[in-house]
Amino acid sequence: MAKILERKRLAPNIHLIEVLAPEIARKSRPGQFVIVMPDEKGERVPLSIADWDADKGSVTSVFLVVGTSTRKLAVLEAGDEVPVIVGPLGRPSEIAPFGTVVLVAGCFGIGALYPAARALKAAGNRVVALIDAKSEDLVYWKERYRAVCDKVLFSSRDQALGSRGFVPRPLEETVAAEAPVARVIAVGCTYLMYASALATKPLGVKTIVSLNPIMVDGTGMCGACRCTAEGRTKFACVDGPDFDGHQVDWDELFMRRKSYFDDEIRSLCRYEETELP
Ligand SMILES: Cc1cc2nc3c(=O)[nH]c(=O)nc-3n(C[C@H](O)[C@H](O)[C@H](O)COP(=O)(O)OP(=O)(O)OC[C@H]3O[C@@H](n4cnc5c(N)ncnc54)[C@H](O)[C@@H]3O)c2cc1C
Ligand code: FES
């Protein structure tokens, strides 16, 4: 059992959860994730590590409520316990003095990409963050990003943040304005990462994405997270989750993520009707 130190709403439908897990906190690196079970009968939910505090022994994740398991997590409170949290899992992100790095973060990816932003800055890079949110209300951790980035830009659809629309165009403009850009790193929903990789391919800028296929064990045993990258079969949990976005088979990824769609909807209906507090 692991104790929840904090669970709070950061934005509509987006929550932070901080769990006491000293061993994980001691070993966490940017780009890694944990698997957490919201209750003993629940699924194993992979969540990126958005922050950690080795002294306090805690790890923090930011999650979007999409189905039954994330809904269960969203009603937990400080003092509650989760039966399982394992990690850190996955390969850490590559952190080196690349030059100028443009980060694209959206939704839960704003949290997930924060440790890499901090580490890239500490490694001597010029770090430019482009935060994508449908509206200003969905942006969180602005100040955290401002503290570790040379520049923080926003793209939104409600015009409130100096909006320039959905990611591809502002990303192209940012890459042109910041040239030469050594790499782009995009983290968030699959479509955001796909659109970012599509935008940078003709520009020839290496683009790293953090894939989020369905996972079960998170240790390379079950094959649930199988994807194709660099022309080869990969398991995102042990070979990734970071991959070169220009070499991902996106059609396959989108298709495999829909595998349990009907069951997921039925599960959510059942949970809302019978168990939701
Ligand atoms: C390595 C990794 C890191 C992740 N990090 C985060 C994170 O930091 N924060 C976060 O909110 N989510 C993260 N995810 C996604 C998260 O694990 C899923 O959203 C979660 O498992 C959904 O569980 P659920 O029961 O609530 O929804 P489900 O009932 O499983 O799914 C409901 C709907 O959500 C969508 N969905 C299903 N699986 C995923 C998925 N893997 N990613 C996105 N949408 C999905 C589908 O459209 C589905 O119909 C990560 C996934 C991976 C593999
Ligand atoms: S989640 Fe089972 S092999 Fe990756």
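This is a predicted model: local features need pLDDT of at least 70, side-chain atom pairs count only at pLDDT 80 or more; totals for chains, interfaces and linings use all residues.
**Aromatic pairs**

Searching the whole structure turns up 7 aromatic pairs. Let's start with Phe-166 and Tyr-191, whose rings are stacked, with 5.8 Å from centre to centre and 15° between the planes. Phe-166 sits in the loop between β11 (151–156) and α5 (168–177), while Tyr-191 belongs to helix α6 (residues 190–200), so this pair ties together parts that are 25 residues apart in sequence.

How exposed are the two partners? Phe-166 counts as partly exposed at 27% relative accessibility, and Tyr-191 is partly exposed too, with a relative accessible area of 46%.

Next come Tyr-194 and Trp-250. Their ring centres are 5.8 Å apart and the planes meet at 65°, which is over the 60 degrees needed, so the pair is edge-to-face. Tyr-194 is in helix α6 and Trp-250 in helix α8 (residues 250–257), so here the pair links parts that lie 56 residues apart in sequence. As for accessibility, Tyr-194 has 24% and counts as partly exposed, whereas Trp-250, at 8%, counts as buried.

**Charges over rings**

The charged end of Arg-118 sits over the ring of Trp-52, and that of Arg-144 sits over the ring of Trp-141. Here are the distances:

| Charged residue | Ring | Distance from ring centre |
|---|---|---|
| Arg-118 | Trp-52 | 5.4 Å |
| Arg-144 | Trp-141 | 4.0 Å |

**Cysteines**

How many disulfides does a search of the whole structure find? The count is 0. For background, a disulfide is a covalent bond between the sulfur atoms of two cysteines. Cys-222 is partly exposed, with a relative accessible area of 39%. Cys-237, on the other hand, is buried, its relative accessible area being 3%.

**Around Ile-214**

Ile-214 is in the loop between β13 (207–210) and β14 (226–229). With 24% relative accessibility, Ile-214 counts as partly exposed. Which residues does Ile-214 touch, leaving aside its neighbours within four places in sequence? The contacts are Ala-224, Cys-225, Arg-256, Arg-257, Tyr-260 and Glu-264. Take Arg-257 from that list: Ile-214 and Arg-257 are 43 residues apart in sequence, yet their C-alpha atoms are 6.0 Å apart in space.

**A three-stranded sheet**

Finally, 3 strands make an open sheet, ordered β4-β3-β8, with antiparallel pairing. β4 (45–48) and β8 (84–89) stand at the edges with a single partner strand each, so one side of each has no neighbour in the sheet. On average, neighbouring strands of this sheet are turned by 25° against each other, ignoring direction.

In general, strands of a sheet pair through backbone hydrogen bonds, either parallel or antiparallel. Here, strand β3 (residues 33–37) and β4 run antiparallel and are joined by 4 bridges. Which residue in β4 is the bridge partner of Ile-35? That partner is Pro-46.

Terms used: Residues are numbered from 1 along each chain as its sequence is written. Chains are lettered from A and ligands numbered from 1 in the order in which they are written. Side-chain values use heavy atoms; hydrogens and water are left out. Rings of Phe, Tyr and Trp (its six-membered ring) pair if their centres lie within 6.5 Å; planes under 30 degrees apart count as stacked, over 60 as edge-to-face and the rest as tilted. Helices (H or I, at least four residues) and strands (E, at least two) are DSSP runs, numbered from the N terminus. Buried means under 20% relative accessible area, exposed over 50%, partly exposed in between (1.4 Å probe, protein chains only). A charge sits over a ring if NZ of Lys or CZ of Arg is within 6 Å of the ring centre and within 35 degrees of the ring normal. A disulfide is a pair of cysteine sulfur atoms within 2.5 Å. Contact means heavy atoms within 4.5 Å. Two strands pair if DSSP finds at least two bridges between them. Axes are lines fitted to C-alpha atoms, for helices over the stretch in contact, and angles run from 0 to 180 degrees between N-to-C directions.
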